[in-house]
Amino acid sequence: MMLENLIDAVTSWTASDSGKSTLSTVTSTVGWFEAAAVVGAAYFKGMIPLRAAAMTSNVLGITYGLLSGNLAVLTKHSINLPLNATRLLEMRRLIKSVRAASDSDFNFEWLKPFMHPDSFRATDFVFEKGDVAEQAYLLVEGRIEISEHGVILEPGAIFGEMALFTKNCKRTASAKCLTDVRLLSITYEQFEQLYFQNPKFGLYLVRLVVRRFESNHLGEELESS
């Protein structure tokens, strides 16, 4: 009964001149806020704040559509709100997974379908310092030495990617087989595509390059001391 009385009171008020005037003012205000939210969202550079601003615009747009009776505006924002919410949730999950990847070892199983098998005998060089680089490698079986730095690679190691970041794509060190080895190789063109398409892989690769740079730099300091 109380709810019915409240509904009747609101209906009577909105039908009055003062109610119509107030409702018109509120509707106009919400419409301007919605427009401001749309314009404001365009100034955000980050995707997360942009999606959050877009969701704010959607909520205001739905409110404006209901108040004004504008079905087109109501429909547009009702569809966009869950889409923006979904994309925002996906980005938050992606950030969380990338952070987790930065604290753990990377699993290269997903990379293998993009790679091609290759093999070398003991004492062979996979590549030598100064060679023009076209491929990166994943060591499947055997042991490889990065000669200039005395680093021994074991199965599961990825190598040869450093030249991807050099000016002339030249090898910065030599890779010599200590045993017979089996490798999987991938072209730099594919490697670059995966680098940009898979944030986890991109982050891992950057960490790997930085670690190798630090290791090489430390080795040079020890040699000069």
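**The open sheet**

In what order do the strands of the open sheet of four strands stand? In this predicted model, the order is β2-β7-β4-β5, and the pairing is antiparallel; two strands are said to pair if DSSP finds at least two bridges between them. Because β2 and β5 (151-153) stand at the edges, each with a single partner strand, one side of each is left without a neighbour in the sheet. Neighbouring strands of this sheet are turned by 30° against each other on average, with direction ignored, where axes are lines fitted to C-alpha atoms, for helices over the stretch in contact, and angles run from 0 to 180 degrees between N-to-C directions.

Within this sheet, β4 and β7 run antiparallel and are joined by three bridges. The residue A175 in β7 is the bridge partner of I146.

**How the model is read**

This is a predicted model, in which local features need pLDDT of at least 70 and side-chain atom pairs count only at pLDDT 80 or more, while totals for chains, interfaces and linings use all residues. Residues are numbered from 1 along each chain as its sequence is written, and side-chain values use heavy atoms, with hydrogens and water left out.

The mean pLDDT of the protein is 77, and 71% of its residues reach 70 or more; pLDDT is the predictor's confidence in each residue, from 0 to 100. Confidence is lowest in helix α1 (residues 2-15), at a mean of 55, and highest in strand β7 (residues 175-177), at 95. Over residues 219-225 the pLDDT is below 50, and beyond near neighbours in sequence this stretch has one contact in the model, a contact being heavy atoms within 4.5 Å. Where pLDDT is low, the predicted coordinates should not be read in detail.

**Overall layout**

The protein has six helices and eight strands, and from the N terminus on its elements run α-α-α-α-β-β-β-β-β-β-β-β-α-α. Helices (H or I, at least four residues) and strands (E, at least two) are DSSP runs, numbered from the N terminus. Of the 225 residues, 31% count as buried, where buried means under 20% relative accessible area, exposed over 50%, and partly exposed in between (1.4 Å probe, protein chains only).

**Helix α3**

Helix α3 (residues 47-68) has 22 residues and reaches 31 Å from its first C-alpha to its last, close to the 32 Å expected at 1.5 Å a residue; the expected span is 1.5 Å times one less than the number of residues. Its buried residues are R51, A53, A54, S57, N58, G61, I62 and G65. The helix is followed by G69, whose phi is positive, near 75°.

**Two loop residues with positive phi**

T123, found in the loop between β1 (116-120) and β2, has a positive phi of about 80° although it is not a glycine. T123 is exposed, with a relative accessible area of 54%.

C169 lies in the loop between β6 (158-159) and β7, and its phi is near 55°, a positive value in a residue other than glycine. At 28% relative accessibility, C169 counts as partly exposed.
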